[in-house]
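Please consider the following model with attention to one helix and to the aromatic rings.

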Amino acid sequence: QEVNEYKHANGIRKCFPNHEGTRVALIDTSGTAWLYNPINDDCIQIADFPVTADRILWDSSDSTIFVACDQFNLHTFVYSQVEVGGSGVRCLGDVELGLQWELRIEPSPSPLQHGQIAVLVVDGTVTCQQASGGLYQQRLKSHDMSSNAHVADAVERQKGCMLQALALNRFPLAFKIGLALNARELWLAMGRRALE
């Protein structure tokens, strides 16, 4: 029985549904990547999608996160179904707080070691197959909340974790960290992010 039908303007070269079948990432014959949501029949172009990416892996534990893979890098994206102005997809990477307490996200891929092929993503941890057949795990840059481990100041480390949680749309976690820090600029950043 047919539930929904979608006809794309160009031919579809590759199709990558998420685990629930509620969203599909497409790469068409022009090389442009799209995200289709059959629930609301929304199809949006994926900005900052690398032309070298040959496949997409969906995070098994978070159906809004997917990773575009090429030979050398893993590019993390987050999908927001409800935003001001409609649905949106953002490429993730380095996160910082702007002068007006806005969240600035600079797309930055996670490097992939030579000869490894990403096969599974679970909560930001990528399982890769090595050329020898063995498995190796690495954390995505966008999810590495311990990336600030070299920062001696615990408050700065927690601030980085909160900004990363906001970039991933993990508002309950950001709220808990915000309660612990109780910093005005972080509450303003969370408010701005929630209103986007």
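The report below takes up helix packing and then ring contacts.

The model is predicted, so local features need pLDDT of at least 70 and side-chain atom pairs count only at pLDDT 80 or more, while totals for chains, interfaces and linings use all residues. Residues are numbered from 1 along each chain as its sequence is written, and side-chain values use heavy atoms, with hydrogens and water left out.

Helices (H or I, at least four residues) and strands (E, at least two) are DSSP runs numbered from the N terminus. In helix H3, residues 184–194, the buried residues are Leu186, Ala189, Met190 and Arg193, where buried means under 20% relative accessible area with a 1.4 Å probe and protein chains only. Because they cover an arc of only 100° around the axis, they lie on the same side of H3; the arc is that of the directions from the helix axis to the C-beta atoms. An α-helix has 3.6 residues a turn, so residues three or four places apart point the same way. The buried residues of H3 pack against the elements tabulated here, by contact (heavy atoms within 4.5 Å).

| Element packed against H3 | Residues |
|---|---|
| Strand S8 | 88–91 |
| Strand S9 | 93–97 |
| Strand S10 | 103–107 |
| Helix H1 | 154–167 |
| Helix H2 | 171–181 |

The structure holds five aromatic pairs, a pair being rings of Phe, Tyr and Trp (its six-membered ring) with centres within 6.5 Å, counted as stacked if the planes are under 30 degrees apart, edge-to-face if over 60 and tilted otherwise. Phe66 and Phe77 form a stacked pair, 5.3 Å centre to centre with 10° between the planes. This pair links Phe66 in strand S6 (residues 65–69) to Phe77 in strand S7 (residues 73–80), eleven residues apart. Phe66 is buried, at a relative accessible area of 0%, and Phe77 is buried, also at 0%.

Definitions and conventions
Buried means under 20% relative accessible area, exposed over 50%, partly exposed in between (1.4 Å probe, protein chains only).
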